[in-house]
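Let's take a friendly walk through a protein model. Have a look at the picture first, and then we will explore a few of its parts together.

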Amino acid sequence: MTTESAERELDIVIWGATGFTGEIAVAYLKGDQSKIGSFELAGFAPSNLRWAICGRNLEKLEALKAGVEIIVCDSEDTEKIDSFVKRARVVIGMAGPFFRYSDKVVRSCAKNGTHWCDISGEVPWMRALIDRYEEDALASGAVIINQCGYDSIPSDIGTYLAVKELQKKIKGNQESESLIRRVTCYQMGLEGIGGGSLQTMMDYSPIPEEIAGNFDPTDPFLLGGEPEGGIREEDQPAQDASFDNDLEAWIAPFSMAEVNRRIVHRSNMQLSYGPRFNYQEFEICHGERDARKLAERISKTASPGFFQSLIEEGKLPRPGQGPALEERSLRRFLSVIIAESEAGEKTALTLSGGDAAFEETARMVVNAGIALALDLGRENKDSLRGGFYTPAAGLGHSLVSRLAWAGLEIDIFSGEKGSETSWVREKIADFKLVDK
C-alpha cells in the first residue's frame, strides 16, 4: 500500500450501492439483520471503518439510510469518478454489467493507486482489464481483484486452503516431494438469479465489441495458468452427467464452472500450486434425473431474445430485482474441495453458509474490501505489488481470517476419523438431508 493511499480519508466506497446485492452489502456494513435472512450477523464492519456509498440516483442512495457519506456519480462521468476514487483506499464494485458500468472506475483505480474488488464474474472483461490497465496498476500500486463474491471465493479460497493443507501434509511426509496435481470442487445449493446477473448473461452473447480483444473467450486458461506441455483433454470443460463412485452421488457440470476455473488457474499461475495442476468443478445433484437435466441445460445456449421475452412476461427478474428476503432465508450452499498431490496424497475441506447468490456474495465482497483496506499493507507489504490478482493470490490468509471471523463456515478434514472420502460423503449426506 502506498503512503498516499494510507492517508486517504475514506477506507471504502461502495460503487453501485443501490443495486440488489449492493443494498444487501450496505445492510451488512450497517449491521442491519432485517435485510439478511440466511445467516446471523457475526463480525461485520469495524466500528472505525470510514466508508461511503456511491451511485447515480440520490433518492435511492438516501433511501438506504446508511448513515454515511453519499456520493452521486454517473458511470460515464470520468471527472467525478477520479474525484471519489482518489479519496478512497478501496472501491467495492457492485454495479453490473461491469464492462458497461464499472470499466471507467477500474481504470481510475489503476491509475490512482486505489484498490478494487468486485462481484463481476465477467471473465472476458477481466482479461480486457488486464490487457489495458495492468501497467497502470503496477505503476500506481493499485491491487485489483475481480470476482470476490460466490463467484469465485469458495472455489478460489477453498482451493487455496486445500493446497496449503496438502502442502503441509506433503512436507510432513519425508518420503514425498510431490507437487499438487489436481483439485476438484463440488458445489451444492446455488439457487436463483438476479436481474443484474441475467442482464450480464444477455450482454455477453456475443462478447461486447467494447472489450473484444485478441483472445479466445472460450480458452480455459484465458487468465493464465496453462500447464506445462499445453492444454490437455482433462483441462477441457466437463460436459456430461455421471455417477461419482467415491462420493456415491450423481454429478453434472456446475453452471459457473467455466468462470471459477479460470480464476483458480490464474491463482496457480500466481501461487505455483504445480506445473501439471488441473482444476474441475461439478454440481452434486439429488439424483440421476436432476443431473442429466442440468447437463442438458448447460449444453444449450439460449438467445438474449429468449431471456428478454421471459423478463417481459414477468417470469424472470429485471435489473435491480431479486428474490425476497423470505426466499433467501431458506437457502444454503455447500462447497466441497478435494485436493490431490502427484503422489496420490489427499485432503478435503468444505465451505458453507447461507444464500450464495446474494447474501453470501455481499458478505464475501465486503470482507474482501475490508481486508484490502485494513490488512493488505501489513500482510503483503514486502511481496505484493500493484496489479491484477485473484482473491487467493491477492489476499490469501487475510481474507480467510476475515471470512471465518464473519461467520462463513470452513471445515477442514482432520484425519481423526475415517478417510477423506467417507468424511466428504457424510458432509454431502448431511447437506442433502437439510436441503430437501
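## A covered helix

Is helix 14 mostly covered or mostly exposed, and how many of its 19 residues are buried? In this predicted model, helix 14 is mostly covered, with 17 of its 19 residues buried.

You can find helix 14 at residues 356-374. From its first C-alpha to its last it reaches 25 Å, close to the 27 Å expected at 1.5 Å a residue.

In soluble globular proteins, nonpolar side chains tend to be buried together.

Now zoom in on Trp51. Leaving aside neighbours within four places in sequence, its contacts include Leu10, Ile12, Ile14, Val26 and Leu29, as well as Lys30 and Glu69.

## A buried glutamine

Next, find Gln187 in strand 7 (residues 180-188). Gln187 counts as buried because its relative accessible area is 0%, and buried means under 20%.

What does the side chain of Gln187 make polar contacts with? One partner is the side chain of Ser155, at 3.4 Å, and another is the side chain of Ser335, at 2.5 Å. Beyond four places in sequence, Gln187 is also in contact with residues including Tyr150, Phe254, Asn260 and Phe282.

Conventions
Residues are numbered from 1 along each chain as its sequence is written. This is a predicted model: local features need pLDDT of at least 70, side-chain atom pairs count only at pLDDT 80 or more; totals for chains, interfaces and linings use all residues. Side-chain values use heavy atoms; hydrogens and water are left out. Helices (H or I, at least four residues) and strands (E, at least two) are DSSP runs, numbered from the N terminus. The expected span of a helix is 1.5 Å times one less than its number of residues. Buried means under 20% relative accessible area, exposed over 50%, partly exposed in between (1.4 Å probe, protein chains only). Contact means heavy atoms within 4.5 Å. A polar contact is a pair of N or O atoms within 3.5 Å; within protein, one must be able to donate a hydrogen and the other to accept it, and residues adjacent in sequence count only if both atoms are side-chain atoms.
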